[in-house]
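Here's a quick briefing to read alongside the structure. Keep the 3D view open and look up each spot as you get to it.

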Amino acid sequence: MKAIIQRCMNAQVSVNGEVVSKIGQGACVLIGISSKDNVKDMEFMVKKLLSIKLFDDDDGKKWKKSIVDKEFELLCVSQFTLCNTWKGNKPDFHLAMSSEQSKEFYENFIKLMKDKYNPDKVKDGVFGAYMQVSLQNDGPVTLELESPVQNDNSKKAQPVLTNTENGEADR
């Protein structure tokens, strides 16, 4: 999994000219899901997004408080284009998880995020829709985060094995 985290004063997602989600201060997070991602990647990403120190403390010390510490909001937007490679000048998205699989994966990611934090403070866009995302970046601060499977180039990714009895995927 890959995330682009933008610290923001506010953010919103619109579909067909209608605002479908909006937040106040917090972070707008673009989420890319690769074909190699599994539950461990999801758990890592949720834990990290909720615990990274993006904000100042009450004394003005930089990078001391997390979204949870400050009780700020998160706006998550699924974005398969983060899992791109290049074929000349044209982007190629064969590394992204298929839309059928990634929809369920993304919904489980959002559910886990809400389970681990305040569900009212976690918002998202409309999976698979053509969206307009707008935000007022705070800083500006924009950071990239990758789950260990995506970030560890020294290890080959293990194939996903499906348990046919219950349909769960394991590595």
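This is a predicted model: local features need pLDDT of at least 70, side-chain atom pairs count only at pLDDT 80 or more; totals for chains, interfaces and linings use all residues.

- In general, a pair of packed helices is described by the angle between their axes and the distance between the axes.
- Here, helix 1 covers residues 39–51 and helix 3 covers residues 99–116, and their axes come within 10 Å and cross at roughly 40 degrees. That makes helix 1 oblique to helix 3, because angles under 35 degrees would count as roughly parallel and those from 65 to 115 as roughly perpendicular.
- Which residues of helix 1 meet helix 3? They are Val-39, Met-42, Glu-43, Met-45, Val-46, Leu-49 and Leu-50. Their partners over in helix 3 are Phe-105, Asn-108, Phe-109, Leu-112, Met-113 and Lys-116.
- Sort the residues of this contact by type and you get 10 nonpolar, 1 polar and 2 charged.

- Is strand 3, residues 26–32, mostly covered or mostly open? Mostly covered: 7 of its 7 residues are buried.
- To find the pairing on screen, look for Ile-4, which stands opposite Leu-30 in strand 3.
- Strand 3 also pairs with strand 4, this time in the parallel sense, over 6 bridges.

**A closer look at Gln-6**

- You'll find Gln-6 in strand 1.
- With a relative accessible area of 17%, Gln-6 is buried, since the cut-off for buried is under 20%.
- What does Gln-6 touch, leaving out residues up to four places away in sequence? Its contacts are Gly-26, Ala-27, Cys-28, Leu-135, Asn-137, Val-141 and Thr-142.

- As background, most residues other than glycine have a negative phi, and most peptide bonds are trans.
- Trp-63 isn't a glycine, yet it has a positive phi of about 60 degrees. Trp-63 lies in the loop between helix 1 and helix 2 (67–70), and its 45% relative accessibility makes it count as partly exposed.
- Glu-71 is another non-glycine residue with a positive phi, near 60 degrees. Look for Glu-71 in the loop between helix 2 and strand 4 (73–78). At 55% relative accessibility, Glu-71 counts as exposed.
- Which peptide bond is cis, with omega near 0 degrees? It's the one from Gly-139 to Pro-140. Pro-140 lies in strand 8, residues 131–146.

**One more stop: Ser-98**

- Ser-98 is found in the loop between strand 6 (90–92) and helix 3.
- Its relative accessibility is 29%, so Ser-98 counts as partly exposed.
- Ser-98 and Phe-80 are 18 residues apart along the chain, and their C-alpha atoms are separated by 9.2 Å.

Terms used: Residues are numbered from 1 along each chain as its sequence is written. Side-chain values use heavy atoms; hydrogens and water are left out. Axes are lines fitted to C-alpha atoms, for helices over the stretch in contact, and angles run from 0 to 180 degrees between N-to-C directions. Helices (H or I, at least four residues) and strands (E, at least two) are DSSP runs, numbered from the N terminus. Angles under 35 degrees count as roughly parallel, over 145 as roughly antiparallel, 65 to 115 as roughly perpendicular and the rest as oblique. Contact means heavy atoms within 4.5 Å. Ala, Val, Leu, Ile, Met, Phe, Trp, Tyr, Cys and Pro count as nonpolar, Asp, Glu, Lys and Arg as charged, and the others, Gly among them, as polar. Buried means under 20% relative accessible area, exposed over 50%, partly exposed in between (1.4 Å probe, protein chains only). Two strands pair if DSSP finds at least two bridges between them.
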